[in-house]
Amino acid sequence: MEKLQDKNKYFVVRERAVPEVLLKVVQAKRLLDSGKVQTVQEAADRTGISRSSFYKYKDDIFPFHEQARGKTITFIIQMDDEPGLLSMVLQTIARFHGNILTIHQSIPINGVATLTLSVDILPGEGDAESIIEEIERRDGVHYLKILGRE
């Protein structure tokens, strides 16, 4: 198996695929950022991890939305060909302060269309995580995948 050498390579994974220790590091960072705890030791104790685990991973794990502001994200969405569904997707992006840069919808086949969108998440305003969650919850949306992020 090829060894990954690039330490700056990023992957987008769903929360359910992330090991528990990494999720606890994120919790510890939130506790520290919010001021609910004053030291790394307190944060580690409250989340049930060691200080060494915190320091080992603290710079390598973060919620998607924290790093997505001011970035361009390309989504692919497979959805039913229903009146108003595309409009709902676009309104959701606008509501969470995303700016659509490109849009391409395939010709629907068997009542299903594929939509490719490049969205600029506005710095300080945009919320990529909320955009994704709301679109995925809609009836008629089969799946949403992130193709890339700049």
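The crossing of helix 5 and helix 6 is right-handed. This is a predicted model. Strand 1 pairs with strand 3 and with strand 4.

**Helix 5 against helix 6**
- Helix 5 spans residues 85-95, and helix 6 spans residues 128-137. Their axes come within 9 Å and cross at roughly 155°.
- Angles over 145 degrees count as roughly antiparallel, so helix 5 is roughly antiparallel to helix 6.
- Helix 5 makes the contact through Val 89, Thr 92, Ile 93 and Arg 95. Helix 6 supplies Ile 131, Glu 134 and Ile 135.
- By class, the residues of this contact are four nonpolar, one polar and two charged.

**Strand pairing around Phe 75**
- Strand 1 (residues 72-80) pairs with strand 3 (residues 112-121) in the antiparallel sense, over nine bridges.
- Strand 1 also pairs with strand 4 (residues 141-149) in the antiparallel sense, over seven bridges.
- Phe 75 has Leu 117 as its bridge partner in strand 3. In strand 4, Ile 146 stands opposite Phe 75.

- Most residues other than glycine have a negative phi.
- His 97 sits in the loop between helix 5 and strand 2 (98-105). Its relative accessible area is 38%, so His 97 is partly exposed.
- Asn 110 lies in the loop between strand 2 and strand 3. Its relative accessible area is 79%, so Asn 110 is exposed.

Conventions. Residues numbered from 1 in each chain as written. Predicted model: local features only at pLDDT ≥ 70, side-chain atom pairs only at ≥ 80, totals over all residues. Heavy atoms only, no water. Axes fitted to C-alpha atoms, helices over the stretch in contact; angles between N-to-C directions. Helix = DSSP H or I, 4+ residues; strand = E, 2+ residues; numbered from the N terminus. Parallel < 35°, antiparallel > 145°, perpendicular 65-115°, else oblique. Left-handed = near helix turned anticlockwise from the far one by under 90°. Contact = heavy atoms within 4.5 Å. Nonpolar A, V, L, I, M, F, W, Y, C, P; charged D, E, K, R; others polar. Pairing = 2+ DSSP bridges. Buried < 20%, exposed > 50% of the residue type's maximum accessible area, 1.4 Å probe, protein only.
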